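Let us read this structure step by step. Look at the picture first, then work through the questions.

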Protein chains: 2
Amino acid sequence: MSGRLNKNSGIPLYIQLKDIITERIKDGTYSTGEILPSETQLSLTYQITRQTARRAISELVKGGLIRTEHGKGSFVSINELNYSIWNFNGFTDYILALGKIPVTRVLEHEIDNDMLKLVRARGVKEVNAVKYLTIDTSYIPLELFPGIENYDFSQNSLYSTMRRVYHRHPRRIEMSVHAVNPGQIERDLFMLEHIPPLLQVSGEVFSEKSRLVERVSVIYSPKLEFKMMTTINP
Amino acid sequence: MSGRLNKNSGIPLYIQLKDIITERIKDGTYSTGEILPSETQLSLTYQITRQTARRAISELVKGGLIRTEHGKGSFVSINELNYSIWNFNGFTDYILALGKIPVTRVLEHEIDNDMLKLVRARGVKEVNAVKYLTIDTSYIPLELFPGIENYDFSQNSLYSTMRRVYHRHPRRIEMSVHAVNPGQIERDLFMLEHIPPLLQVSGEVFSEKSRLVERVSVIYSPKLEFKMMTTINP
DNA sequence: TAGTGGTCTAGACCACGGT
DNA sequence: CCGTGGTCTAGACCACTAG
């Protein structure tokens, strides 16, 4: 049981509990369709109020990982689906969670009009090749991130660098989705024979204080499923 | 001031408050960027606890309508963007909210394997033509909706019919997004000269009790912007 | 310092599902 | 009937923002 909450860590209890449950779902302790401990049970186990346990569950529902049924309980609804790709948050983490090895190749790295232009192909390592899954084109304002052009982003995560070195935390993304025909780069990297249309997501990423930290455009390989879930308000 | 909560209506107070605030935003009482009354103020005004007011605000944040800033307040973040199209919920309402007249044309209407197959083109009325924006292909299980094949869905909303006549409430949608090349129907209806790839969203719609109420696939005209917003958890 | 949102507690009553 | 999740209250302390 790694399951004990630290009341003085500064991390909200509901976040800690949420993380513990997420972990349990990822490692299979709770698997799809299974019922979770009741809210009352959770509050007793972790020595918190039911409201706080509810808050953790509510976060998980929001993320689509679990579902609640009135009078019955909470159930695991999805295993690792729905960690949607365009949760730009963590491509690396996402691939690692699938038990595979992430690969990043920097295709372009130059300064363009006070912005760092960064083009990266990202994928997973296969037996004797690399399968590329996305091509990301990013523009990062040098004004906010002076010196960021000196990092090697085939090794470092862009967002961790923003957080750890510059103390800027990407928070909100506004994006739009388009369908596009593949260009030469996409054909080469995705190794397409026929040329199906591809999905492209273009977005602007903002920090807490609504400063633009990245303008980004991602093209997805047809090998990536693009799934999501939503609910309807009555 | 239509602003009074009914404590015995059966409708949760936080939903009532959420609706009131939504109304105020839509009608311009609070406009983009403006600050909302504080949580304490709301709780006093509406005679509820701060927690309940918070819950209403939390719902609005989830929907992207407002944004909170610690130590400062809550602000209107978006006016009517983000009532995203693939909120299948209300194409009709969406178009009406834009001040335009929605049009639905039924292209196919037949029974296929215990399912009602319904193909509809949807759009807006222009001066002397109709601009089609989506083509929806739906399969509805007759077992759950006996007799639904007798409704005219160029006039009636599919979801309202499900709700009002059959007491089934669409709640959850699982969907995937693809890029496709247009077929003849799309070229004709969207009146495309060049043939750009199109976005297609395929999904399954479930009721409260996780019964499948519709399998649907929507193809979007390139004239529709496909926008969304999301947040990153630290 | 005063006001704001963020977290948490302790307790209550309700509506729903299954026994 | 009991156990479940859903809503709500009353009050507390904290962290952040601004004058």
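**A helix, its strands and the DNA**

In helix α5 (residues 158–166) of chain A, the buried residues are A:Leu158, A:Tyr159 and A:Met162. Buried means that 20 or more other C-beta atoms, placed from the backbone, lie within 10 Å of a residue's own; exposed means 12 or fewer, and partly exposed is in between. Helices (H or I, at least four residues) and strands (E, at least two) are DSSP runs, numbered from the N terminus. This is a predicted model: local features need pLDDT of at least 70, side-chain atom pairs count only at pLDDT 80 or more, and totals for chains, interfaces and linings use all residues. Residues are numbered from 1 along each chain as its sequence is written, while chains are lettered from A and ligands numbered from 1 in the order in which they are written.

Q: Within what arc do the buried residues of α5(A) fall?
A: Look down the helix axis and take the directions from the axis to the C-beta atoms. The buried residues line one face of α5(A), because they fall within an arc of 110 degrees.

Q: Which exposed residues does the face of α5(A) turned away from its buried side carry?
A: Start from the buried side, with A:Leu158, A:Tyr159 and A:Met162. Now turn to the face away from it: there sit the exposed residues A:Ser160 and A:Arg164.

Q: Which residue stands opposite A:Ile135 in β8(A)?
A: Strands pair if DSSP finds at least two bridges between them. Strand β5 (residues 129–141) and strand β8 (residues 212–220), both of chain A, are antiparallel and share six bridges. In β8(A), the residue opposite A:Ile135 is A:Ile219.

Q: What is the bridge partner of A:Leu199 in β8(A)?
A: Strand β7 (residues 198–207) of chain A runs antiparallel to β8(A), with eight bridges between them. In β8(A), A:Leu199 is partnered by A:Tyr220.

Q: Which residues touch the most other members of the largest nonpolar core?
A: A nonpolar core is a set of buried Ala, Val, Leu, Ile, Met, Phe, Trp, Tyr and Cys residues joined through C-beta atoms within 7 Å. The largest one has 52 residues, and those touching the most other members are A:Leu199 and B:Leu199.

Q: Which residues come nearest to DNA strand D?
A: A residue is near a strand if its C-beta atom, placed from the backbone, lies within 6 Å of it. Around DNA strand D there are 22 residues, and the nearest are A:Ser38, A:Gly71, B:Leu13, B:Thr52 and B:Gly71.
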